[in-house]
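I want to go through charges, contacts and backbone angles, and jot down what turns up.

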Amino acid sequence: MSERRVIVYPPSETGGRLVRIDGRTLGTAYSLHDLTVFLQNAGLTGWDELDVAESGVIEWHEGGPEVWEP
């Protein structure tokens, strides 16, 4: 797998977190499962929720993989 830049932004006021990969917006994830699906669809196949939660590739802004609401 090549290095990809994945950014998970802070939770919005209505919940969920904006997700971008390599400068492209993937959408708003409301759970670790949502984020995992986004990343799989973006080509990071074979990743499961544990891989996503422990990945050093993902930049978590204002909270880690357990934070989805403000």
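Before anything else, the cut-off I'm working with: a residue is buried when its relative accessible area is under 20%, exposed when over 50%, and partly exposed in between. Also worth a reminder that this is a predicted model.

I started with serine 55. Buried or exposed? Its relative accessibility is 16%, and because buried means under 20%, serine 55 counts as buried. I find serine 55 in the loop between α2 and β4, the latter being residues 58-60. Its side chain comes to 2.9 Å from the backbone nitrogen of valine 57.

Then I looked at glutamate 54, which belongs to helix α2, residues 49-54. Glutamate 54 has a relative accessible area of 61%, so I log it as exposed. I also have glutamate 54 down as part of a negative surface patch, along with Asp48, Glu49 and Asp51.

**Salt bridges**

How many salt bridges does a search of the whole structure find? I get one. Glutamate 59 pairs with arginine 5, and the closest N and O atoms are 2.8 Å apart. The two partners come from distant parts of the chain, 54 residues apart: glutamate 59 sits in strand β4, arginine 5 in the segment before β1 (6-11). For cover, I note glutamate 59 as partly exposed at 29% relative accessible area. Arginine 5 is partly exposed too, at 48%.

**Arginine 17, no partner**

Next I checked arginine 17, in strand β2. This one is buried yet has no salt bridge. Which side chain of opposite charge is nearest to arginine 17? It's glutamate 66, 6.9 Å away. A salt bridge needs a side-chain nitrogen of Lys or Arg within 4 Å of a carboxyl oxygen of Asp or Glu, so at 6.9 Å I don't count the pair with glutamate 66.

What I do find around arginine 17 is backbone oxygen. A polar atom of the arginine 17 side chain lies 2.6 Å from the backbone oxygen of histidine 61. The backbone oxygen of glycine 63 is also there, 2.9 Å from a polar atom of that arginine 17 side chain.

**Positive phi**

I went through the backbone angles next. Most residues other than glycine have a negative phi, so I wrote down the exceptions I came across.

Aspartate 22 has a phi near 50°, positive although the residue is not glycine. I place aspartate 22 in the loop between β2 (17-21) and β3 (24-29). With 44% relative accessible area, aspartate 22 goes down as partly exposed.

Glutamate 62 has a positive phi as well, near 55°. I find glutamate 62 in the segment after β4. Its relative accessibility is 65%, so glutamate 62 is exposed.

**Two C-alpha distances**

Last, I looked up a couple of separations. Valine 67 lies in the segment after β4 and is partly exposed at 23% relative accessibility. How far apart are the C-alpha atoms of valine 67 and proline 10, which are 57 residues apart along the chain? I read 8.6 Å.

Glutamine 40 itself is partly exposed, at 32% relative accessibility.

Conventions. Residues are numbered from 1 along each chain as its sequence is written. This is a predicted model: local features need pLDDT of at least 70, side-chain atom pairs count only at pLDDT 80 or more; totals for chains, interfaces and linings use all residues. Side-chain values use heavy atoms; hydrogens and water are left out. Patches are made of residues with over 30% relative accessible area and no salt bridge: like charges are joined within 9 Å, nonpolar side chains (Val, Leu, Ile, Met, Phe, Trp, Tyr) within 5 Å. Accessible areas come from the Shrake-Rupley method with a 1.4 Å probe; for residues, only the protein chains shown count as cover. Lys and Arg count as positive and Asp and Glu as negative; His and the chain ends are not counted. The place of a charge is taken as NZ of Lys, CZ of Arg, CG of Asp or CD of Glu. Helices (H or I, at least four residues) and strands (E, at least two) are DSSP runs, numbered from the N terminus. Buried means under 20% relative accessible area, exposed over 50%, partly exposed in between (1.4 Å probe, protein chains only). A polar contact is a pair of N or O atoms within 3.5 Å; within protein, one must be able to donate a hydrogen and the other to accept it, and residues adjacent in sequence count only if both atoms are side-chain atoms.
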